[in-house]
Amino acid sequence: MKHIVKERLRTIFLGKRLEDAALASEKFNVLWGIPVFASDAISSVSYAGEEILLVLIPVLGMASFGTFLPIVAAIIALLGILVFCYRQTIDAYPQGGGAYIVASDNLGENAGLVAGAALIIGYILTVAVSACAGAAAVTSAFPALHPWKAVIALVLIALLTWGNLRGMRESAVMFGVPTYLFIGTMLLLIVVGIVRYASGSYTPAETQIVVSNAQDTLLFVILRAFASGCTALTGVEAVSNGVPNFREPAQRNAKTVLYAMAGFVCIVFFGVSLLINMYHIVPNEQATAVSQLAEAVFGSGSVLYYLVQVMTVVILTLAANTAFAGLPLLMALMAQDGYLPRRLIYRGSRLNYSNGILFLFVAAAILVLAFNGDQHLLLPLYASGVFLSFLLSQLGMVLHWVRRKGPGWKTKAFINGFGTIVTATTLVIIVIMKFLQGAWVTLLTIVLLVWLMHSIKKHYAAVSDDLTIPTIEAARALLLGGDEPSSTPAPRGKVILPVQTLNRSFIKVLNCASDFEGAEIEYFHVASSEEQAKKLKEQFAELGVRGTFVYEITHYRNTEEVLLRHIEAEHAALPPHGHLTVMMASLIVRNRWARPLHNQTTQTLIRRMEQYRNVYVFQVPYLI
C-alpha cells in the first residue's frame, strides 16, 4: 500500500512514468531547443556589460564609455569564431559530449578528463551564477529583500531542479516561453531606448565617479575588462555537448540552434551595451546595470520597468537550465567510461538523468550558500574553466582533421586552428587577469577532479576484473558441490535470488543458496528486453544449476520496483507459517573512500523488504 501512495505522489510531483520508447518524443526540436541550450549565452547579456564597467570605471571614470563598446565588439567577434568552430564539432561528433569526447578521442585520456572536469565546474558555476544574478535582479526591484538574496537564489535553483526532474519536453515548454518573452522585452528596451536618446527626450544625468589612483596601464585595464566580459561566452559549447538531445535530424537542428543563439546574443548584447554607453549607466551595489537602464528608458516604477526586471530574473534563472540539460548527459557519458559513479548512467522515471540533476542542485546550492548569493564573487571562478574546455576542444578538432583527412580537411583544420589560437590567447588573458581573484581555485579544483576520476576508474576496473567470469565453464568450476545433496537441513519456503548478471559475487550467493536442500530456488531477473532476458536464461541453462529462472520485462527502468512487487506478490501467496528467503550479494569494499560507489541499490532494497514479516533477507558478503 505504501508503494502505491509513493507512486501516486511521484506522479503528481514529476508526472507519469515514461517508457523507453518515448525517448524520441522527449527530445527537442529547434523551437524548444533554443531556450534550453541558448538561454545561458542569451542571459549573460544582463551582466556581462556590467562586469566590463566594474573594471573600467574605477580606473578610467567617464572615459570608460569610450573603451566599452570596442571591448563588447571584440567579445562578439570571439563569439562568432567559436560558433563557426563548434559547427564543425557538431558535424564530427554527433554523439555529443563536446570537449570531453573531442579531447579524449584526439588528445588522450588526461586531456579528456581535464576538459570534462572544466565543463563540470563550468556547468555548476552556471547554475550558481545565474541564480545569484536572478536574485540580484529581484533585490534591485525590491531592495527590502536584499538580505534574502541567497535564499531567493536557492528557491530559483529548486524550481529549476523540479522542472527538469519532470522531463526534457516539459522543462522545455515550461521554461521556453519566458525565454522568448525576455528576448522580446530586451528588443523593446533597445528600440525605445535608442528612439528616446535620438529624439533628445532623455539626457544622461551628471554622474560623480571616484577614480582610484591605480598604477595599471591602459592595456592592462582593457585586458582585465575583456576577461570579465568573456562571461558572455559561457554556454556556447552546450549545443555541441547535447546533440543527442535533439530530434532527428539532430545535427542540423543543433546547428540551427547554435546559429540562432549567436544571432540573439549579438543583437541583444550589443544593443544593451549600446544603451548603457548612451545613457552612461554606472553599476552600483543597489541596482544592476539593466535595472538602471530600464528605469532610465521606461521610468521608475512603470509597468515596463517591472516587466524588464521580471524577465531578467526569468532568463537568468533559465540560463541555469542550459546546465541542467548539458551536465547530466556529460556525466552519464563519463560514468559510462568509468570515471564517475555508475548511478549517473541511469535514466529516471521521466527519461532524464535524474541523479545528475540532483547532483547539480546540491553542488550549486553549496556554492550559493558559501558565497552568500553574490554573483560578483563567483564570476572570477567562471571563465577560466570554460575557456580551458574551449581550447582543448579546438585543439582536438585540429588533430581530428589532420589525422582523418577527408574532403576539405585543410580548410576545416585551419578554422579550428584559428579557434585554438584565439581561445588559447583568451585563456591566458583570463588566467593572468583573474588568477588572484579566484581563477586559481578553478584550476586547482580541475586538477583534484581529474585525480578523483582516475581513482574511480582504477577502482571500477579492479572490481570488474575481480567479478568477471570469462566462460560458463569457469562459472561452473566456482560452484561448490554442483547439484549434490547437502547435509544442511532444508528450510520451509522459497528462496529467491535476484540476478542481473552472472559474476563472481552472484556465484557466491548461488553457493550459499545450494545449502538450502529441498527448498524451491528461483532466479529472478528484471530485463529491458526479451533478448537480454533470454541470453541470461541460456547462461543459466548451460550452468546446469537447480532452480527456476523467472524474468519480467520493464520499459520504465524501474528494476527495483519490479523486484519489490514480485517479492510482495510471493509474500502474499505464502501458505500459513510459510516464509520467503531473499539472498543478495553485498560488496565489501576495502577502500572506505570507494564505498559510496557501491551497494546503494542493495541497501535500498533490503530496507524495503524488511517491512514484510515473513520475508528473510540475507546479504552474502563479497570482498573486493
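**Stop one: the strands**

Select V495, and you'll find T581 of strand 4 standing opposite. Before going on: this is a predicted model, where local features need pLDDT of at least 70, side-chain atom pairs count only at pLDDT 80 or more, and totals for chains, interfaces and linings use all residues. Numbering starts from 1 along each chain as its sequence is written, and side-chain values use heavy atoms, with hydrogens and water left out.

Now show strand 1 (residues 494–498) and strand 4 (residues 580–588): they run parallel, joined by 3 bridges. Strands pair if DSSP finds at least two bridges between them; strands (E, at least two residues) and helices (H or I, at least four) are DSSP runs numbered from the N terminus.

Which way do the residues of strand 1 point? K494, I496 and P498 go one way, V495 and L497 the other, and all are buried (under 20% relative accessible area, 1.4 Å probe, protein chains only). In a regular strand, side chains alternate between the two faces of the sheet.

**Stop two: two helices**

Jump to helix 10 (residues 218–229) and helix 18 (residues 409–467), whose axes come within 9 Å and cross at roughly 105°. That makes helix 10 roughly perpendicular to helix 18 (65 to 115 degrees). The axes are lines fitted to C-alpha atoms over the stretch in contact, with angles from 0 to 180 degrees between N-to-C directions.

Finally, select F220 and F226 in helix 10, among the residues meeting helix 18, where I429 and M433 take part; contact means heavy atoms within 4.5 Å.

Notes: Angles under 35 degrees count as roughly parallel, over 145 as roughly antiparallel, 65 to 115 as roughly perpendicular and the rest as oblique. Buried means under 20% relative accessible area, exposed over 50%, partly exposed in between (1.4 Å probe, protein chains only).
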